[in-house]
Amino acid sequence: MKIEVLLLILVFCLAAYDARTKRVPNWVTLPLLIAGLVLHFPGLPITWLACLLLFSAWHFGALGGGDAKLWMALLWLVPLELVLPAVLAMAVAFLLTAGLQVLWRIIRNHPPWGVRSPGAWRAIPFALWLLAASG
């Protein structure tokens, strides 16, 4: 089975776990991140920049720590030839799912900003893209 299929299944499972517990566990994200670093270190500057942006989003409260580690792990696991399109796909997935999340909150008469909610589901479109892009 292709690694991309396994990542997609893992992201679906993490999204379900996150929806139930509001946590993305380190025992899942840290081994993925380490595996990606081992496979692709030193990586490309765009990977480091994307990780810096994810870290900043976490630091300023726009993204949970587990979600940030999940996104970073997925980026480091991307084959080097797909890194630039992967960062672009991540940005698009991130922005589209953020818009959907805000719209959902507005529809349900909840505050659109400043609400902590499960976010691992937002990696599903990226995992689907990665599966399609890897052929």
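Modeller: A pocket here is an open set of grid points with protein on both sides within 12 Å along at least five of seven lines, and its lining residues have an atom within 4 Å of a point. Please keep in mind that we are looking at a predicted model.

Biologist: Thanks, that helps! Which residues line the second largest pocket?

Modeller: This pocket holds about 180 Å³ of space. Its lining counts four nonpolar, three polar and two charged residues. They are Gln 101, Trp 104, Arg 105, Arg 108, His 110, Val 115, Ser 117, Pro 118 and Trp 121.

Biologist: And the largest pocket: which residues lie nearest its centre?

Modeller: The volume of the largest pocket is about 630 Å³, and 26 residues line it. By class, ten of the lining residues are nonpolar, nine polar and seven charged. Nearest the centre lie Ala 62, Leu 63, Gly 64, Arg 116 and Ser 117.

Biologist: Which helix gives the most to the lining of the largest pocket?

Modeller: Two elements give two or more residues to the lining of the largest pocket: helix H4 (65–77) and helix H5 (83–107). With five residues, the one that gives the most is H5.

Biologist: Now the backbone. Which two residues does a cis peptide bond join?

Modeller: Most peptide bonds are trans. The cis bond has an omega of about 10 degrees. Its proline lies in the loop between helix H2 (26–40) and H3. The two joined residues are Phe 41 and Pro 42.

Biologist: What is the relative accessible area of Lys 22?

Modeller: Lys 22 belongs to the loop between helix H1 (3–21) and H2. Its phi is positive, near 60 degrees, in a residue other than glycine. Exposed means over 50%, and Lys 22 is exposed, with a relative accessible area of 58%.

Biologist: Where is Asn 109 found?

Modeller: Asn 109 is not a glycine, although its phi is positive, about 60 degrees. Asn 109 counts as exposed because its relative accessibility is 71%. As for its place, Asn 109 is in the loop between H5 and helix H6 (124–133).

Biologist: How many Å separate the C-alpha atoms of Thr 21 and Pro 118?

Modeller: Thr 21 is part of helix H1, and its relative accessibility of 29% makes it partly exposed. Pro 118 is one of the residues lining the second largest pocket. Thr 21 and Pro 118 are 97 residues apart along the chain, and their C-alpha atoms are separated by 8.4 Å.

Biologist: One last one: is Ala 89 buried or exposed?

Modeller: Ala 89 lies in helix H5. The C-alpha atoms of Ala 89 and Leu 131, 42 residues apart along the chain, are separated by 12 Å. Buried means under 20% relative accessible area; at 13%, Ala 89 counts as buried.

Technical notes
Residues numbered from 1 in each chain as written. Predicted model: local features only at pLDDT ≥ 70, side-chain atom pairs only at ≥ 80, totals over all residues. Heavy atoms only, no water. 1 Å grid on protein atoms, 1.4 Å probe; cavity = no way out; pocket = protein on both sides within 12 Å on 5 of 7 lines; lining within 4 Å. Points joined across faces, edges and corners; volume = space filled by probe spheres on them. Helix = DSSP H or I, 4+ residues; strand = E, 2+ residues; numbered from the N terminus. Nonpolar A, V, L, I, M, F, W, Y, C, P; charged D, E, K, R; others polar. Buried < 20%, exposed > 50% of the residue type's maximum accessible area, 1.4 Å probe, protein only.
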